[in-house]
Amino acid sequence: MLTKRIIPCLDIKNGRTVKGVNFVDLRDAGDPVELAEIYANEGADELVFLDITATEQRRKTLAELVMHVAEKVNIPFTVGGGISSVEDVEILLNSGADKVSINSSAVKNPQLINDLAAKFGSQCVVVAIDAKQINGEWMVHLVGGKVPTDIKLFDWAKEVEQRGAGEILFTSMDHDGTKNGFANKALAYLSELVNIPIIASGGAGNMQHFTDTFIEGKADAALAASVFHFKEIEIIDLKNELKRNNIPVRL
Amino acid sequence: MKIVIINYGAGNIQSIKFAIQRLGYEAVLSHDEEEIRNADKVIFPGVGEASSAMEMLKATGLDKVIPTLKQPVLGICLGMQLMCRYCEEGDTKGLGIFDCDVLKFDATEKVPQIGWNQIENLKSAIFEGINEKEYMYLVHSYYVSLNNEAIATTQYGITYASALQEKNFYGVQFHPEKSSKAGAKILENFLKLEVQY
């Protein structure tokens with residue numbers, strides 16, 4: 001049986017791991033390669049590296065990091081952050097990334113999704129969508145949730161699927177950093193709307209939140225950062241708890 | 001031991017090279033016929049879309065070479081699919097090493113299948129020391145239906161062949177290079193095969 005995935009997310013700046021609380025304040029949480037190895041050994045199913053470096057060397061630094069991760073880590077990983085061209089993706093995949101995640105660049109240039117799916121296959125194209133509710137309507141936001149758009153979340157999700165995305169990573173900006181649980185209603189709707197896997201992100205605070213997002217939110221995978229980085233939740237404990245709740249997990 | 005990973009432009013080759021390195025071996029990336037023929041073990045990777053991968057294979061002339069290899073050959077993911085007779089993806093004629101076709105999953109389940117699923121009914125030396133129902137990492141939209149070359153099966157809506165063997169040719173739908181310790185063990189078993197065909 002296909003299992004539900006637990007995905008620690010590592011925010012990267014200049015080759016180091018950081019975690020944004022509500023994406024604004026950053027705290028240092030260590031060396032990404034070492035942390036990645038630890039997570040792989042502890043039973044993480046996948047990893048996501050989100051690069052927030054803004055310098056000109058970012059492309060080279062990130063490719064080097066990807067190569068180091070691929071060398072050491074024996075589980076799949078996705079790289080995202082600032083990817084805006086087929087060439088960017090080619091460099092990352094050739095360095096050893098399994099998937100890439102695109103966000104703002106897909107909104108600005110939706111054809112990029114088609115181009116990536118055609119060249120590298122849908123299986124490595126994750127479209128990340130940040131959204132928050134405005135007057136009761138889920139709206140897509142850009143630049144880490146800071147810039148609103150007039151695009152509706154569910155319309156955009158359907159479009160990215162049609163354009164060839166292999167997976168959707170949905171972050172609720174209303175829940176991110178709150179530790180009050182995932183946006184399960186929106187997640188469940190998304191999961192019924194499209195026929196590609198949905199990764200839930202934003203709001204993990206305790207183990208019950210993961211159970212809830214897999215059952216109520218119908219998510220295929222759940223992503224979190226600080227609860228793992230600061231050892232508030234151990235992955236092995238989480239997986240045992242999910243198993244007790246009859247959720248299929250890899251143990 | 002000389003290990004060659006066939007490099008024809010399709011696939012996450014670095015990951016396989018690194019996985020072999022972690023086992024204490026070195027692998028060479030090559031599309032040179034002589035180098036491939038002289039290898040002890042050949043790995044045939046593949047990620048992406050079937051018809052364009054097949055075009056790249058033809059451009060290097062390797063579509064003629066691979067079916068005639070005599071040493072153990074391991075096709076991974078799309079590599080395995082291209083070793084079959086026919087792939088529905090891109091209406092692609094395969095290498096015909098395995099006598100089966102590759103079909104698209106029905107939309108009763110989410111497509112692509114992405115994640116860790118179990119392999120069972122294990123029947124091959126490459127699964128030595130691997131438990132029934134071990135988890136492997138899979139990412140695919142197309143599958144090989146059950147047939148008598150199946151050496152492992154997996155369930156995703158239907159039960160399909162997640163590994164194949166025909167003489168010296170092995171194929172796995174999952175990614176051993178990305179499947180933690182159990183995946184590494186399967187890769188190691190393949191590299192240690194000493195059978196004569």
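A residue is called buried if 20 or more other C-beta atoms lie within 10 Å of its own, exposed if 12 or fewer do, and partly exposed in between, with the C-beta atoms placed from the backbone. Helices (H or I, at least four residues) and strands (E, at least two) are DSSP runs, numbered from the N terminus. By these terms strand S9 of chain B is mostly covered, for seven of its seven residues are buried.

The structure is a predicted model, in which local features need pLDDT of at least 70, side-chain atom pairs count only at pLDDT 80 or more, and totals for chains, interfaces and linings use all residues. Residues are numbered from 1 along each chain as its sequence is written, while chains are lettered from A and ligands numbered from 1 in the order in which they are written. The pLDDT is the predictor's confidence in each residue, from 0 to 100. Chain A averages a pLDDT of 91, and 95% of the residues score at least 70. Over residues 20–28 of chain A, however, the pLDDT is below 50, and this stretch has 14 contacts in the model beyond near neighbours in sequence. Two residues are in contact if their C-beta atoms, placed from the backbone, lie within 7 Å.

We return to S9(B). From this strand B:Glu134, B:Met136, B:Leu138 and B:His140 point one way, and B:Tyr135, B:Tyr137 and B:Val139 the other way; all are buried. S9(B) pairs with S8(B) in the antiparallel sense over seven bridges, where pairing requires that DSSP find at least two bridges between the strands. Within this pair, B:Gly115 stands opposite B:Leu138.

The contact between the chains comes next. On chain B, 28 residues are in contact with 28 residues of chain A. Helix H1 (13–22), strand S8 (113–119), strand S9 (134–140), strand S11 (150–156) and helix H6 (180–191) of chain B each supply at least two residues of the side that touches chain A. S8(B) gives the most to this side, with six residues.

H1(B) is mostly covered, since eight of its 10 residues are buried. Among them are B:Ile13, B:Lys17 and B:Phe18. The buried residues of H1(B) pack against helix H2 (58–72) and helix H3 (86–95) of chain A, and also against strands S1 (3–6), S2 (27–30) and S3 (41–44) and helix H6 of chain B. Just after H1(B), B:Gly24 takes a positive phi of about 95°.

In helix H3 (residues 50–59) of chain B, the residues B:Ala50, B:Ala53, B:Met54 and B:Leu57 are buried. They lie on the same side of H3(B) because they cover an arc of only 100° around the axis, the arc being that of the directions from the helix axis to the C-beta atoms. The buried residues of H3(B) pack against helix H4 (62–65), helix H5 (78–82), strand S5 (86–87) and strand S6 (92–93) of chain B.

B:Asn147 lies in the loop between strand S10 (142–145) and S11 of chain B. B:Asn147 counts as partly exposed because there are 14 C-beta neighbours inside 10 Å. Leaving aside neighbours within four places in sequence, B:Asn147 is in contact with B:Cys100 and B:Ala161.
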